[in-house]
Amino acid sequence: MHGYVELHGHRGARGLRPENTLPGLAFALELGVDALEFDVAMSADGQLVLTHDLHVSAVTSADTGMAVPGDEMFPYVGKPIIALTLPQLRTLDVGVRLPERPDDRFALTQVPLPDTRMPTLGAVLGLIGALGADHVRLNVELKSDPTRPDLCADPRRFVEEVVHELHRHDRLSRSALLSFDWRLLEIARPMVERRYALVEHDTMTPAWMNGIRLGEVGGDLAAAAAAVGATTLSPDRVLVDEALMAGAARQGLPVVVWTVNETDEAARLIDLGVAGIVTDYPDRMRRLWKARGLPLPGPVTPLRPVGA
């Protein structure tokens, strides 16, 4: 019998609504999740915006016009996030998925919401407050690539700005910081209680792991994560096996696995002992939780217009 297994909404509920958007995050809360995961990067004018990609993605974003007449940066799609200001980024429509391939699984299941804009972290925190979703943890992934410093904010400034914004909205104690760039976890250690070490095959290198070589820790990902002060190990689902779980247990680190969209795989991972599942389809996972008798996170009542 398993105890509590957390259900995390990935980029809100990417399989159902546009990712990293206010309506997408709100929809995940309406379904009911333990944690709301989303991605943050910094703009040219130092604003914290929700985006998974360090360049404006042609899949999730479409140009609608210039921020100012004659803007030489236009079109903005394809440009680095860090090279564009918030007014430029706010012209983008991020509510319609524009698949690169006709078999894009998310385009087939995601409800488009045209004319949705890229939100700031502050706007997200305001929405969470307005919804009264105090019981839902915010898992804020800091997008940073140590191999491409030209595309990224200064690591310390980035962490400090995110922490400041969370603190300003009284959300710091109910939030976690996540990153593949483990330098940020080391920086965040004295500032944030919960720190997730994200990892996939491509980031199992010293550049990403704050200088740690896996061979120096016997190939043990959990030992490497513990060395940078992570409080949770969060691996790609393909990395999770009994050996990884045993290593995490030795370090006392819970394992939260991403991104799991099939219920049979989620059931197998739950049987392995993971502490949480990150999914694009919280609706599917809620059905699995119910079938297995696992406690379900409560849904958040949506905001309704006055008089509706």
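## Helix H9 and its cover

In this predicted model, helix H9 spans residues 263–272, and its buried residues are Glu265, Ala266, Ala267, Leu269 and Ile270. The elements covering these buried residues include strand S8 (256–257), strand S9 (276–279) and helix H10 (282–292). After H9 comes Gly273, which has a positive phi, near 105 degrees.

In soluble globular proteins, nonpolar side chains tend to be buried together. The largest nonpolar core of this model has 40 residues, and Val162 and Leu177 are the members that touch the most others. Two or more residues each are given to this core by helix H1 (22–31), strand S2 (35–42), strand S3 (48–50), helix H4 (121–131), strand S4 (137–142), helix H5 (155–168) and helix H6 (182–188). H4 provides the largest share, with 6 residues.

Beyond its neighbours within four places in sequence, Val162 is in contact with Val40, Leu48, Leu121, Val140, Leu142 and Leu177.

## A buried aspartate

Asp181 lies in the loop between strand S5 (175–179) and H6. The relative accessible area of Asp181 is 0%, under the 20% limit, and the residue is therefore classed as buried. When residues up to four places away in sequence are set aside, Asp181 touches Ser144, Asp145, Pro146 and Trp208.

Rolling a probe the size of a water molecule over the atoms shows where empty space is left. The structure contains 2 cavities of 30 Å³ or more. By class, the lining of the largest cavity comprises 5 nonpolar, 8 polar and 3 charged residues.

The second largest cavity has a volume of about 50 Å³. Its lining consists of Ala41, Met42, Leu54, Ile81, Ile82, Lys143, Leu151, Cys152, Ala153 and Phe158. In this lining, 9 residues are nonpolar, 1 is charged and no residue is polar.

Technical notes. Residues are numbered from 1 along each chain as its sequence is written. This is a predicted model: local features need pLDDT of at least 70, side-chain atom pairs count only at pLDDT 80 or more; totals for chains, interfaces and linings use all residues. Side-chain values use heavy atoms; hydrogens and water are left out. On a 1 Å grid over the protein atoms alone, a cavity is a set of points where a 1.4 Å probe fits but cannot get out, and a pocket is an open set with protein on both sides within 12 Å along at least five of seven lines; lining residues have an atom within 4 Å of a point. Grid points are joined across faces, edges and corners, and a volume is the space filled by probe spheres set on the points. Ala, Val, Leu, Ile, Met, Phe, Trp, Tyr, Cys and Pro count as nonpolar, Asp, Glu, Lys and Arg as charged, and the others, Gly among them, as polar. A nonpolar core is a set of buried Ala, Val, Leu, Ile, Met, Phe, Trp, Tyr and Cys residues joined through side-chain atoms within 4.5 Å. Buried means under 20% relative accessible area, exposed over 50%, partly exposed in between (1.4 Å probe, protein chains only). Helices (H or I, at least four residues) and strands (E, at least two) are DSSP runs, numbered from the N terminus. Contact means heavy atoms within 4.5 Å.
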